[in-house]
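Subject: Structure handover

Hello,

Here is the structure I promised to pass on. Please open it first, then read the notes below.

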Amino acid sequence: GVDVYPAGISLGATPAQHVVVRPVLEDLFTFKNPMSKRYKAAEAIVETLTGEFLESRKATGLEVPGDLNAFVHQVLMKVAFDRDVSFEDAQTFAACQAKFSEIQAVAQLLTKAFIFMLRGLRDQFTAYAEDLKPQLKEKYGEELGEHLNAASAAVFDAITMAGGLSVPTNM
């Protein structure tokens with residue numbers, strides 16, 4: 001499984017992991033040239049998903065922040081991995097994300113021995129990080145080598161905390 005300690009925001013990454021993982025994160029989430037094909041594709045994804053999201057919320061109403069967090073998760077997964085995530089699955093992720101955010105503030109203070117008490121929540125995090133492994137392996141192959149766990153944990157952190165929470169907060 002993905003066993004990274006301390007849990008969260010990849011602050012515990014070793015220099016060897018950082019050297020491998022940083023370029024992956026940059027490749028997945030950095031779009032420098034607004035004229036590039038990739039930038040335009042991401043822009044089209046955001047426009048399409050935004051239209052669909054707003055239209056669906058007309059019928060059901062908008063729950064803040066949960067619906068925004070779910071929407072951003074859909075966008076990040078589509079842009080990074082060309083993976084469609086249903087709104088229901090995105091809402092489940094957003095609920096897990098909210099729990100993760102709550103414990104993140106104290107996670108660094110918890111000893112590894114205490115973390116077992118959070119097993120259900122940790123199992124959810126691990127399942128999401130594990131789910132990213134095949135996609136990362138397909139996209140980056142052997143480039144990740146022994147650092148697939150670290151890359152998976154870092155991408156999970158990015159979609160959960162970095163872009164996953166800061167973007168909806170600013171919406």
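A word on element names before anything else: helices here are DSSP runs of H or I with at least four residues, numbered from the N terminus. By that naming, D82 sits in the loop between α3 and α4 (87-107). D82 is not a glycine, yet its phi is positive, at about 50°.

Confidence
This is a predicted model. The mean pLDDT of the protein is 82. Of its residues, 78% reach 70 or more. Among the elements, helix α2 (residues 37-60) has the highest mean pLDDT, 94. Helix α5 (residues 112-115) has the lowest, 59. Residues 1-8 have pLDDT below 50. That stretch still has 28 contacts in the model beyond near neighbours in sequence.

The α2/α3 pair
α2 packs against helix α3 (residues 66-81). Their axes are 10 Å apart, at an angle of about 150°. Angles over 145 degrees count as roughly antiparallel, so α2 is roughly antiparallel to α3. The crossing of α2 past α3 is right-handed.

Which residues make the contact? From α2 they are A42, I45, V46, L49, T50, F53 and R57. From α3 they are D67, L68, F71, Q74, V75, K78 and V79. By class, this contact has nine nonpolar, two polar and three charged residues.

Aromatic pairs
Rings of Phe, Tyr and Trp pair if their centres lie within 6.5 Å. The count by this rule is five aromatic pairs. One of them is F53 with F71. Their ring centres are 4.6 Å apart and their planes are at 25°. Planes under 30 degrees apart count as stacked, so this pair is stacked. F53 lies in helix α2 and F71 in helix α3, so the pair ties together parts that are 18 residues apart in sequence.

The loop between α2 and α3
P65 lies in this loop. Where is the cis peptide bond? It joins V64 and P65, with omega of about 5°.

Best wishes

Note on methods. Residues numbered from 1 in each chain as written. Predicted model: local features only at pLDDT ≥ 70, side-chain atom pairs only at ≥ 80, totals over all residues. Heavy atoms only, no water. pLDDT = per-residue confidence, 0-100. Helix = DSSP H or I, 4+ residues; strand = E, 2+ residues; numbered from the N terminus. Contact = heavy atoms within 4.5 Å. Axes fitted to C-alpha atoms, helices over the stretch in contact; angles between N-to-C directions. Parallel < 35°, antiparallel > 145°, perpendicular 65-115°, else oblique. Left-handed = near helix turned anticlockwise from the far one by under 90°. Nonpolar A, V, L, I, M, F, W, Y, C, P; charged D, E, K, R; others polar. Phe/Tyr/Trp six-rings, centres within 6.5 Å; stacked < 30°, edge-to-face > 60°.
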